[in-house]
Amino acid sequence: MMRLASLGIAVLLGACAAPPSAYYSLSGPLPAEPSPSVRAADYGVRMEAVRIPAEVDRPQLVVRRDAADADVALLNESLWAAPLADQIRAALAARVSRALDVPDLSLMAAPKDLPLREVAVQVTRFDLVFNQYAGLEANWAEGRHAGSGAQLCRVVLRVPTAGQGVAALVEAQRTAVALLADVIAARMDPVAPTPDDPAILRDSCT
């Protein structure tokens, strides 16, 4: 009986020592009310699978204590709710399609009579600097390949955190992804407003 009681106490202490995992998403909240459509969609948008740096392609959040520090830390109790590349793709697709007021066809076949505009995105840097900022650098082009006269564009973003802790850091990165989507939408179609935000350090196409 004493042995069983001791075992029960050990299990209880072990459970208390392990904090529960927290899960985070890069998807922003849906608008309170859908914006009324001002025109019939004459094309659809498909966001191709997003490529991300290998060092951040893992379930845990990867953070830096200082921007100049090459060392990173894996937050084993702070996890992405879905694969990071899939989250970025979904967040970009949803916001770009809303900004352009066209259907998001990233995960479904396009109707035969509806032209399709494809967007390819490569994230080259995805930084989470604890209690400082979220950084995002990406190359993107409309079309599966950057040939046939397609422009290759580059965006560099740095969004300061608005508070302390992991949640504030994720919120800053969520804002960075939203800004990237706004830049893409504005380049694709003048119907979308051009973003004007100090967090956009570079927005250029060649």
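Predicted model: local features only at pLDDT ≥ 70, side-chain atom pairs only at ≥ 80, totals over all residues.
Residues are numbered from 1 along each chain as its sequence is written, and side-chain values use heavy atoms, with hydrogens and water left out.

Let's start with the fold. The chain has three helices and eight strands; these are DSSP runs numbered from the N terminus, helices being H or I with at least four residues and strands E with at least two. From the N terminus on, their order is α-β-β-β-β-α-β-β-β-α-β.

Now, what is inside? Of the 206 residues, 41% are buried, meaning under 20% relative accessible area with a 1.4 Å probe, protein chains only. The largest nonpolar core has 51 residues. Such a core is a set of buried Ala, Val, Leu, Ile, Met, Phe, Trp, Tyr and Cys residues joined through side-chain atoms within 4.5 Å. Helix H3 gives the largest share of this core, 13 residues.

Which residues have the most contacts inside the core? They are Val121 and Phe126. Contact here means heavy atoms within 4.5 Å. Beyond its neighbours within four places in sequence, Val121 touches residues including Met47, Leu92, Trp140 and Ile184.

In general, nonpolar side chains tend to be buried together in soluble globular proteins.

How values were computed:
Buried < 20%, exposed > 50% of the residue type's maximum accessible area, 1.4 Å probe, protein only.
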